Amino acid sequence: MNDSPITAAQVGEALDALRNEGPLVQCLTNIVVTNWTANVLLAAGAAPAMVDNEQEAGLFAGVASGVLVNLGTPQENTVAGMRAAVAGAKDASTPWVLDPVAAGGLPWRTEIARELVAAGAPTIIRGNASEIAGLAGGAGGRGVDSTDTPDAVREVAQDLARANSCVVAVSGAVDLLTDGRRTVRLANGHEWLTRVTGVGCSLGALMAGFAGVVDDPLVAAASATGLLTVAADQAAQGAQGPGTFAVALLDRLASLSADDLVEQVRLS
Amino acid sequence: MNDSPITAAQVGEALDALRNEGPLVQCLTNIVVTNWTANVLLAAGAAPAMVDNEQEAGLFAGVASGVLVNLGTPQENTVAGMRAAVAGAKDASTPWVLDPVAAGGLPWRTEIARELVAAGAPTIIRGNASEIAGLAGGAGGRGVDSTDTPDAVREVAQDLARANSCVVAVSGAVDLLTDGRRTVRLANGHEWLTRVTGVGCSLGALMAGFAGVVDDPLVAAASATGLLTVAADQAAQGAQGPGTFAVALLDRLASLSADDLVEQVRLS
Amino acid sequence: MNDSPITAAQVGEALDALRNEGPLVQCLTNIVVTNWTANVLLAAGAAPAMVDNEQEAGLFAGVASGVLVNLGTPQENTVAGMRAAVAGAKDASTPWVLDPVAAGGLPWRTEIARELVAAGAPTIIRGNASEIAGLAGGAGGRGVDSTDTPDAVREVAQDLARANSCVVAVSGAVDLLTDGRRTVRLANGHEWLTRVTGVGCSLGALMAGFAGVVDDPLVAAASATGLLTVAADQAAQGAQGPGTFAVALLDRLASLSADDLVEQVRLS
């Protein structure tokens, strides 16, 4: 693990910072995962606020610690809110995360995702392999399923990161995160993560929270990924299926110590 | 049980098909149950996608395995999405399920439900007795509560099925499903199903999933009903109330074997 | 406890009434908490219905037992629904509850909250200290967090109650409820209530349910608060974190007896 550009100690320190500072995370996200995302943020120690209307989103992005924009279920009014939030985040230098759900698979949202990237310089772009490829211009998969491993789009992700001076985080069995210069992989997590809706979406929200408390976006993205997947490893023990697993995951997000995270996170 | 037009073996085979094929189920559903519905589909082995905007819903209905349209919380923009999805499903011959929540009780949505039926020939219509009566023209109950047993609207359901060449599935303590020619009843399920929101809505989503993997819509509707209610029978064992019951239901949807389903489903 | 203007016996009788009558509670609430709120109402014994569109909200408010208007994630179309619901509730004398989420912190929704109060005479206004202060004209806190204890805004709450002939319920470690003449405090509840999203929002929905079955709005507000916080006290026993706590809370809302509520509620 010595070749990782991010150390486990940095991830542990980021978790301490998250819990000490309780960052306010504005989420403009899809209608499937609002409740789950808020509960993940609260369990981890952040404060969620789903201000997603056009009238308030820009103002709020100026006071939030971090902003998540997730394109899972866009509608014209919520897209207007996203545009306002991105503009507000840019003006206030608030870090923000883009989750381009199903980019590449559906033309309308793919264009919106690209427009937001061009307008606002995201801090982190998070998706599965097909979404990252789709955003970058390749063909997308069906819906939100990933059909490729993160490493299959490593170069695409690195190019996308360099082109936008941001971190690109690709989710999979082994997560791949890159800022175009440094690339880190995380190998925690459990198969049941794919049987609970919105886990990936909540990972984007956690990244926005961590980006509000640490300076290096790659550390922020890695810390969010490490927290969620190590908590998942723990939650899977004793769970009987996706229902009890999801409930235990919230418990573990709240109880996981920074020391245990440092010890269990598998960086490379 | 020998007089049932659907055999337990057919239900078991349908569950195997669902898990093997993992159908992509597009849900245009109400804001109360999106998360629950997605988790039910994932637990059972299907892949949810809540593409509900007017811009994308029609395109997506062309690639989805099945589509659910649920009228629980209609708004003008989501109704526009429903119209697009129904048109797309019709063009692509994608099976789709209509859940006319509170039909008969509220004039606006009742008209929308009838318009969608006329426009798109649903594969399955699913509701409680008052909703089926309301859609067909009778008086509806208050909100989403059923005030009649399914058998009280048996003839209405059979007429509705024949008039639209579809399956009509009426939920209750004993579920009644008919294609106008064949009628099947299922007697599984637990009282706590009425204490968890969205169980009926998620049943509609499961029907859309099964309709994507089996040819006979009556088998699809019966298999979805059997899976959910037998899993509920199991989940109720050891649960302490509606909270633990709902969590256990997700676990059981994932773990229930086809053999156990065949053995425990109560068809007549 | 003898100096409380509300007796524990009244709270217990209100719970019996809620379970016997099963009031229909119309919720126009935010997209984060719809599912949780419906499950809380069902567990407690009420019947939720989230009719929130402009076309139906007014009509439905005429038949509902109580109405909740929660400003957590307002959009133009849902605000139009709120206006219709408030007008319908006023016409039909249906009790309704306003939850002015983040009032004082965000100008647009603060104006909407004040407009609704002026238009419709709410039965109960429920919020944390900063929201009550913000609605009344003081400066609001960040997002939905409370930065003051309820007693810090006691006079503001009493003035607001008198000015609008309503009950004002301020949530905190010790809840403060007043109709401007009588003031009651409730000291139950657990710290984990702040780690589960939407608990406060669901409290507003419970108040709307109780207001539909008891005549005195202060008893209704106190009964909802007592039920939720005593159930929380019980749920915290044996829970491992916010995930298992939330699930147990639903179980306890269903199983808590009126006798146990009378015995355990801490009124003063």
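Chain A and chain C of this predicted model bury about 2200 Å² between them, 56% of it on carbon and sulfur atoms; buried area is the accessible area (1.4 Å probe) that two parts lose on being put together, summed over both. On the chain A side, Q55(A), E56(A) and D251(A) lose the most area to chain C, together 24% of what that side buries. The contact (heavy atoms within 4.5 Å) joins 25 residues of chain A to 26 residues of chain C.

In chain B, helices α2 and α10 pack at an angle of about 30°, with their axes 7 Å apart. That makes α2(B) roughly parallel to α10(B), a term for angles under 35 degrees. The residues that meet are tabulated here.

| Helix | Residues | Residues in the contact |
|---|---|---|
| α2(B) | 34-44 | W36(B), N39(B), V40(B), A43(B), A44(B) |
| α10(B) | 242-255 | A246(B), L249(B), L250(B), L253(B), A254(B) |

By class, this contact has nine nonpolar, one polar and no charged residues.

Helix α7(B), residues 154-164, has A157(B), Q158(B), L160(B) and A161(B) as its buried residues, buried being under 20% relative accessible area and exposed over 50% (1.4 Å probe, protein chains only). The four cover an arc of only 160° around the axis, which puts them on the same side of α7(B). E155(B) and A163(B), on the other side, are exposed. The buried residues of α7(B) pack against β5, α6, β6, β7 and β8 of chain B. Just after α7(B), S165(B) takes a positive phi of about 50°.

Residues are numbered from 1 along each chain as its sequence is written, and chains are lettered from A in the order in which they are written. Local features need pLDDT of at least 70, side-chain atom pairs count only at pLDDT 80 or more, and totals for chains, interfaces and linings use all residues, while side-chain values use heavy atoms, without hydrogens and water.

Key. Helix = DSSP H or I, 4+ residues; strand = E, 2+ residues; numbered from the N terminus. Arc of directions from axis to C-beta. Axes fitted to C-alpha atoms, helices over the stretch in contact; angles between N-to-C directions. Parallel < 35°, antiparallel > 145°, perpendicular 65-115°, else oblique. Nonpolar A, V, L, I, M, F, W, Y, C, P; charged D, E, K, R; others polar.
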